[in-house]
Amino acid sequence: MGFKTDIEIAQESKMSPIAEIAEKLDIKDDYVECYGKYKAKIDYNILEEYKEKPDGKLILVTAITPTPAGEGKTTTTVGLGDALSLIGKKSVIALREPSLGPVFGVKGGAAGGGYAQVVPMEDINLHFTGDIHAVTTANNLIAAMLDNHIQQGNSLNIDPRRIVWKRCMDMNDRQLRFVVDGLGGKPNGTPREDGFDISVASEVMAVLCLASDIEDLKERISKMIIAYTYEGKPVTAGDIKAQGAVAALMKDALKPNLVQTLEHTPAFIHGGPFANIAHGCNSVMATKMALKLGDYVVTEAGFGADLGAEKFLDIKCRMSGLRPDAVVIVATARALKHHGGVAKADLNNENIPALEVGIENLLKHVENITVNFGLPAVVAINEFPTDTKAEMDFIEKKCRELGVNAVLSQVWANGGEGGKALAEEVVRAIEEEENNFRFTYDVNLPVREKIEIIAKKIYGADGVDFVGNANKQIDEIESLGYGNLPICVAKTQYSISDDAKKLGRPKNFRISVRNVKPSVGAGFLVALTGDIMTMPGLPKVPAAEAIDVDKTGRISGLF
């Protein structure tokens, strides 16, 4: 019998009306804004009403370094939320929104998989409630106002060669990475080099996800650097008076979206910054709302623990006052064998020697969470039908040596029921283990030192080389007074190092930082390593080729 696809499982499920899901969380009707039958936005003013209510427990789900074999981080997050409900806990899930670019590209959607999914899956993966479109429009309004300012006399003395604000769209379109615009004579603008980012790489998305309320949103927008003058002075969105209109466009996008899992566990899906470029976490507002409404909140951060979890802990937690109570690190035997050098075609065969090499990747992530950040951790081994007992026993034994329990997770095949053992172990870790949470670095250290600390502690690098313009940019950032912001490292997700080819736990390597740019509105400095694309391209055979819709409006081919 063939396996059902994710979309077939999702379409066969019977969803509860969203009003019933809101009722589960005791949300008053006044705060619920329905988008059809199965989606709603929840008004952020609810946070004011619940401010005295104690927060629930926060569980962060992260993973080993991603591989083509798949790890199942979102699937585990959803399944763990369902499992916590099954063992009698009032649980809520908080996830990022998928971007249309990867949906039509190579990665597919981001709504979980198998019997651990959030629904309505097609809506979540396509236009959802329009948040990403609002980000796109807000970003492009700033771009239009900036170019118009130059066209109308340029009273701020902006240097068109030093415009750092790009246009954006929510699509993988390499053709737009570098463009020349403003052609066609004087009435059509000032000719200049320009380019597009994918919408989720826009600083507007990072700002949306880190804002604590509408006033904070407006304040952050006004601080975003969009260009520099001929004298080298930064020009902000506030300088061109864009913050009010941009905040007006973002007013509804700031409200978290409520949906449900296949098992009717409430799920907030809100915000979706890229994890290898930006900080890769869902919105602060959705996480805080979930903590007020549930006793256990399961959230995730993008890619491996060296990227998403580090940024969640060092950036999101630092800015918001959030503190995780436990961390789940997702791994699969297949992915660990891939880190041990096994080709994708051979991953179904038992291979303990490869596992011995590859498991070092998992152990480094475990060490980062428990030793560097001081947090209780649990390893979730996402089961595949081809896994063998010998492989499972080996992974469990190695984790135990580090003082961490590894639990088999079967949520893909069995939903919440397959995650009960994991849920019980996570609750035990929260209740019994010490939580000595600490940040990786002090934000007041010099910029180079903060980057060095991340590289050495989190990646295991020997040091950092600042190449190209990086040194000049750091000096400028510090002279402008932005040196005390946290660091958001943009690097490949496929290796703990900055070289995608170095699998497992790389040793004897250095990190090369090519550029450092201030994202002052978001409140961090982006240190770019390697060749990081802020506008991805489509693969040779894009996922879009398999997506279709029939005459009844039923969509197929999404995954």
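**A helix with a kink, and beyond**

Modeller: Start with helix H14, which covers residues 352-372. It has 21 residues and spans 29 Å from first C-alpha to last, close to the 30 Å expected at 1.5 Å a residue. (The expected span is 1.5 Å times one less than the number of residues. Helices are DSSP runs of H or I with at least four residues, strands are E runs of at least two, and both are numbered from the N terminus.) The model is predicted: local features need pLDDT of at least 70, side-chain atom pairs need 80 or more, and totals for chains, interfaces and linings use all residues. Residues are numbered from 1 along each chain as its sequence is written, and side-chain values use heavy atoms, without hydrogens or water.

H14 also has a kink of about 30 degrees, centred on Gly358. (The bend is the angle between axes fitted to the seven residues ending at a residue and the seven starting there.) Now look at the ends. Asn351 caps the N-terminal end, with a side-chain oxygen 3.0 Å from the backbone nitrogen of Ala354. (Such a polar contact pairs N or O atoms within 3.5 Å, one able to donate a hydrogen and the other to accept it; residues adjacent in sequence count only if both atoms are side-chain atoms.) After H14 comes Gly374, with a positive phi near 70 degrees.

Positive phi turns up in other residues too. Most residues other than glycine have a negative phi, and most peptide bonds are trans. Asp26 is not a glycine, yet its phi is about 60 degrees. Asp26 sits in the loop between helix H2 (18-24) and strand S1 (32-34). Asn154 has a positive phi as well, near 55 degrees. Its loop runs between H7 and S7. A cis peptide bond joins Val119 and Pro120, with omega about 0 degrees. Pro120 lies in the loop between strand S6 (116-119) and helix H6 (121-125).

Next, charges. The structure holds 38 salt bridges. (Each puts a side-chain nitrogen of Lys or Arg within 4 Å of a carboxyl oxygen of Asp or Glu.) One of them joins Asp216 and Arg220, at 3.1 Å from N to O. Both residues lie in helix H9 (214-223), four residues apart, about one turn of the helix. An α-helix has 3.6 residues a turn, so residues three or four places apart point the same way.

The search finds one cavity of 30 Å³ or more. (On a 1 Å grid over the protein atoms alone, a cavity is a set of points where a 1.4 Å probe fits but cannot get out; a pocket is an open set with protein on both sides within 12 Å along at least five of seven lines; lining residues have an atom within 4 Å of a point. Points join across faces, edges and corners, and volume is the space filled by probe spheres set on them.) The largest cavity holds about 70 Å³. Its lining includes Glu97, His127 and Asp170. Helix H7 (131-151) gives the largest share of that lining, three residues. The second largest pocket holds about 1,600 Å³. It is lined by 47 residues, with Ile163, Val164, Lys166, Asn515 and Lys517 nearest its centre. Strand S22 supplies the largest share, six residues.
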